[in-house]
Amino acid sequence: MSDFQKYIQRYLDLIPSENWLEELKFVGDKTVSLYSYLTEEQSKFAYAEGKWTLKEVLLHLSDTERVFQYRILAFARGEKSELPGFDEESYAANSFAKERSLESLLEEYQLVRQSSYILLENLNHSVLKNIGKANGNEISVETICQLIVGHNIHHLNVVEERYLPML
């Protein structure tokens, strides 16, 4: 197993069922519920120096999901060109999440998730096995769909384990 496969497998292993489309909805609802209970002040919390605030984590989920949406769309439509990677640390540093309200970030997350759900729900099953190349690695449309779910679960786990106990 390549390093890339090992890297993504840690996210895929977090998905509790084979029905990743249902899990997409469930983890989205759970994320919205968790963040809805936070105050504006709590959303500015980072559990350690150099770690993202809760606001930055939420915007990271939206940013990453948008990148994954584009990859899914491109490969589902037969794109043959390699797509670039993205530097999540640079994205977070340039997101200005700290300047936004928690409410606006949560609204954005919900809209991005709704957009993902519509895109994924309407993919023809024949394109799920399409392979494309992103960031130097070959990956299937279906795996990217699953990564949206597993990535979100991973970050929710981090929030629940490292942020919430300290609030």
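1. Is Lys44 buried, exposed or partly exposed? Lys44 is partly exposed, at a relative accessible area of 44%. This is a predicted model, and the values here are computed from it.

2. Lys44 pairs with Glu41. Their side chains meet in a salt bridge, with N to O at 3.8 Å. The pair counts because a salt bridge here needs a distance within 4 Å. Glu41 is exposed, with 58% relative accessibility.

3. Lys55 and Glu40 form another salt bridge, and their closest N and O atoms lie 2.5 Å apart. This pair links distant parts of the chain, 15 residues apart. Lys55 sits in helix α3 (residues 54–76), while Glu40 sits in the loop between α2 (20–36) and α3. Lys55 is buried, at 2% relative accessible area. Glu40 is partly exposed, at 32%.

4. Glu142 and Lys129 also form a salt bridge, with the closest N and O atoms 2.6 Å apart. Here too the pair links distant parts of the chain, 13 residues apart. Glu142 belongs to helix α6 (residues 141–163). Lys129 lies in the loop between α5 (102–121) and β1 (131–134). Glu142 is buried, with a relative accessible area of 17%. Lys129 is exposed, at 60%.

5. Which residues are linked in a network of salt bridges? They are Arg66, Arg100 and Glu108.

6. For the overall tally, the count comes to 8 salt bridges. Among them are Lys55 with Glu40, Glu41 with Lys44 and Glu142 with Lys129. Side chains of opposite charge can pair when their charged atoms come close.

Technical notes
Residues numbered from 1 in each chain as written. Predicted model: local features only at pLDDT ≥ 70, side-chain atom pairs only at ≥ 80, totals over all residues. Heavy atoms only, no water. Helix = DSSP H or I, 4+ residues; strand = E, 2+ residues; numbered from the N terminus. Buried < 20%, exposed > 50% of the residue type's maximum accessible area, 1.4 Å probe, protein only.
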